[in-house]
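Here is a short briefing on one protein chain. Look at the model first, then read the points below.

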Amino acid sequence: MTMPHWAPEKESEAVDLLAAATEPTRWRILATLASAGTRCACEIEPVANVAPNVLSYHLKVLREAGLVTSARRGKWIDYTIAGDAPARLARALPTALPGMPQATR
């Protein structure tokens, strides 16, 4: 068996990305945006089930991780899953590492 060569900086990026996505509140936000498309923060708040300031923090983490994008519309801010987010998350999984067997469907 050949062991994959680890690149610590890539491992850290993958772990950070997955950590941003898998926190339960952020997971609910991502699931909402994936199923419902672009949504205003006010529409995400009931699904996230957190106070507005806490929602703001979670959305900031998702933006900084590059998993969501935002666009200001007057006093509202709309959020959308970043176009490359699914591919980046898939690449972050250990099964996507070079030399690792790929899952079959």
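A nonpolar core is a set of buried Ala, Val, Leu, Ile, Met, Phe, Trp, Tyr and Cys residues joined through side-chain atoms within 4.5 Å. Buried means under 20% relative accessible area, exposed means over 50%, and partly exposed lies in between (1.4 Å probe, protein chains only). This is a predicted model: local features need pLDDT of at least 70, side-chain atom pairs count only at pLDDT 80 or more, and totals for chains, interfaces and linings use all residues. Residues are numbered from 1 along each chain as its sequence is written, and side-chain values use heavy atoms, leaving out hydrogens and water.

**Overall build**

- The protein chain has five helices and three strands. These are DSSP runs numbered from the N terminus: helices are H or I with at least four residues, strands are E with at least two.
- Along the sequence, the pattern reads α-α-β-α-α-β-β-α.
- The chain has 105 residues, and 26% of them are buried.
- Contact means heavy atoms within 4.5 Å. Among contacts with a separation of 6 or more, 50% join residues 24 or more positions apart.
- The chain exposes about 7100 Å², with carbon and sulfur atoms supplying 59% of that area. Accessible areas come from the Shrake-Rupley method with a 1.4 Å probe; for residues, only the protein chains shown count as cover.

**The nonpolar core**

- The largest nonpolar core holds 20 residues, and Ile29, Ile44 and Leu67 have the most contacts inside it.
- Helix H1 (8-22), helix H2 (24-36), helix H3 (41-48), H4 and helix H5 (85-92) each supply at least two residues of this core.
- In soluble globular proteins, nonpolar side chains tend to be buried together.
- Which residues does Ile44 touch, not counting residues up to four places away in sequence? They are Ile29, Leu33, Arg39, Leu55, Leu59 and Tyr79.

**Salt bridges**

- A salt bridge is a side-chain nitrogen of Lys or Arg within 4 Å of a carboxyl oxygen of Asp or Glu. This structure holds two.
- One joins Glu64 and Lys60, at 3.8 Å from N to O. Both residues lie in helix H4 (residues 52-64), four residues apart, or about one turn of the helix.
- Glu64 is exposed because its relative accessibility is 59%. Lys60 has 38%, so Lys60 counts as partly exposed.
- Another joins Asp78 and Arg73, whose closest N and O atoms are 2.8 Å apart.
- Asp78 counts as buried because its relative accessibility is 15%. Arg73, at 43%, is partly exposed.
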